[in-house]
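This report describes a single protein chain, going from model confidence to strands, core and loops. Please read it alongside the sequence and coordinates shown here.

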Amino acid sequence: ATGTQSITGTTGIDLNGTTYSSNARGISFTGTVDLDATDPISINSDADDTGAIGDITFSGTVDSVAGRPQALTLDAGGGTVNMQGAIGSTNRIGKLDVTSTAINANANINANANINATGIAFTASGSINIAAVTLDTHGADLNFSGADINIDTATGMGATIQSTGGGGSAIFRGDTVAKTIGIGSAATAANVDLSEAELR
């Protein structure tokens, strides 16, 4: 598709297909979303690879079918991914792989609630901001790569990163050594700040 896509479901939205795309235009889902397809699902708002702005927005929860964690790939190109509901809270999803200019969990990807997935990979040319959420990778890896990575730097509400069942690695990369990785509510413009963070 070439234009903006707005999908609304008052009783839910079932994603039965594997590819949803638009050329540099936004894609929004208003309502609860179920990942019903039997193969991994890809949503791309920059299908023509121009790098133009095309946001991807989920206003409600996103879940897999029970017993079948489904992988979800989101590519917003020069846009932002907005996740305003819990991800995998009822039925865990498969790997969540997100690429966009800015990734915000709770407020430059926007995830305002928990993310429950088999592996999480966020790549942003801008910032990744995580606050007031729980990220659970279920034994797989957590990989953040961005210009600035901030975990609970503003809200003071806290963020939990865990791997239920054990296993998996947490990897945080700034795009240059001069960039910021902040962990803790007192994190400031330093390379790595673990203030008020609990490591275990």
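## Model and confidence

The model is predicted: local features need pLDDT of at least 70, side-chain atom pairs count only at pLDDT 80 or more, and totals for chains, interfaces and linings use all residues. Residues are numbered from 1 along each chain as its sequence is written, and side-chain values use heavy atoms, with hydrogens and water left out.

pLDDT is the predictor's confidence in each residue, on a scale from 0 to 100. The mean pLDDT of the protein chain is 76, and 69% of its residues reach 70 or more. Helices (H or I, at least four residues) and strands (E, at least two) are DSSP runs numbered from the N terminus. Where pLDDT is low, the predicted coordinates should not be read in detail.

## Two open sheets

Two strands pair if DSSP finds at least two bridges between them. Three bridges join β2 to strand β5 (residues 33-35) in the parallel sense, and Leu15 has Leu35 in β5 as its bridge partner.

Another open sheet has three strands in the order β14-β17-β20, again with parallel pairing. β14 (115-116) and β20 (160-162) stand at its edges with a single partner strand each, so one side of each is left without a neighbour in the sheet. Strand β17 (residues 134-136) pairs with β20 in the parallel sense over three bridges. The bridge partner of Asp136 in β20 is Gln162.

Strand β1 (residues 5-8) and β4 pair in the parallel sense over four bridges, with Phe29 in β4 as the bridge partner of Ile7. β4 also pairs with β7 in the parallel sense, over three bridges, and Ile56 in β7 is the bridge partner of Ile27. β4 has a covered face, made of Ile27 and Phe29, and an uncovered one, made of Ser28 and Thr30.

The structure holds one aromatic pair. Phe29 and Phe58 are stacked, at 4.9 Å centre to centre with 10° between the planes. Phe29 lies in β4 (residues 27-30) and Phe58 in β7 (residues 56-58), so the pair ties together parts that are 29 residues apart in sequence. By definition, rings of Phe, Tyr and Trp (its six-membered ring) pair if their centres lie within 6.5 Å; planes under 30 degrees apart count as stacked, over 60 as edge-to-face and the rest as tilted.

Buried means under 20% relative accessible area, exposed over 50%, and partly exposed in between (1.4 Å probe, protein chains only). Phe29 counts as buried at 1% relative accessibility, and Phe58 is buried at 0%.

## The largest nonpolar core

A nonpolar core is a set of buried Ala, Val, Leu, Ile, Met, Phe, Trp, Tyr and Cys residues joined through side-chain atoms within 4.5 Å. The largest one has 32 residues, and those with the most contacts inside it are Leu15, Ile43, Phe58, Leu74 and Leu96. Strand β15 (residues 120-124) gives the most to this core, with three residues.

Leaving aside neighbours within four places in sequence, Leu96 is in contact with Leu72, Leu74, Met83, Ile115, Ala117, Gly119, Ile120, Ala121 and Phe122.

## Two loop residues

Asp48 is placed in the loop between β6 (41-44) and β7, and is partly exposed, with a relative accessible area of 34%. Beyond its neighbours within four places in sequence, Asp48 is in contact with Asn23 and Ala24. Asp48 and Asn23 are 25 residues apart in sequence and 5.4 Å apart in space, C-alpha to C-alpha.

His138 is in the loop between β17 and β18 (142-146). Phi of His138 is near 50°, a positive value in a residue other than glycine. His138 counts as partly exposed at 24% relative accessibility.

Conventions:
Contact means heavy atoms within 4.5 Å.
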